[in-house]
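Trainee: I am new to this protein. Could you walk me through how to read it?
Mentor: Gladly; let us look at it together.

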Amino acid sequence: MNVRDNRKVHVYQNGSDQPGEQDEFYRTRTRMDENLLKTGDLSLILRRPTDEDENLYSCRVYNRKGDVLMEKQVWLKVKGQWFKCMFRGQPEELFGSEPVPSFFSV
């Protein structure tokens, strides 16, 4: 959850993602491991981060009764973004405004 704006970034419930519960701003930009219950890896991938994504986020895990089992917070800082492109067959590292995937764990 985006703490400042109280927007749901990603919802995983009853064994699957719930995009209808997710704030439209994040829809199609987040992903979690499909085997998260088996692996215990609750990492969230946020694709195409922008300056607007820089914020404090909270991850909450609930039991079936709705009690909070665990809560973690992480501050996401979006830094300069880079990408590689081919120019006349030679790779060039460039800095630019084209967002690239960013990964963070909570």
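Trainee: How much of the protein counts as buried?
Mentor: A residue is buried when its relative accessible area is under 20%, exposed when over 50%, and partly exposed in between, with a 1.4 Å probe and protein chains only. Here, 24% of the 106 residues count as buried. Do keep in mind that this is a predicted model, where local features need pLDDT of at least 70, side-chain atom pairs count only at pLDDT 80 or more, and totals for chains, interfaces and linings use all residues. Residues are numbered from 1 along each chain as its sequence is written, and side-chain values use heavy atoms, leaving out hydrogens and water.

Trainee: Which elements does the protein have, and in what order do they run?
Mentor: Helices (H or I, at least four residues) and strands (E, at least two) are DSSP runs, numbered from the N terminus. This protein has nine strands and one helix. The order from the N terminus is β-β-β-α-β-β-β-β-β-β.

Trainee: What share of the contacts joins residues 24 or more positions apart?
Mentor: A contact means heavy atoms within 4.5 Å. Among contacts with a separation of 6 or more, such residues account for 37%.

Trainee: How much accessible surface does the protein have?
Mentor: Accessible areas come from the Shrake-Rupley method with a 1.4 Å probe; for residues, only the protein chains shown count as cover. The total is about 7,800 Å², and carbon and sulfur atoms hold 50% of that surface.
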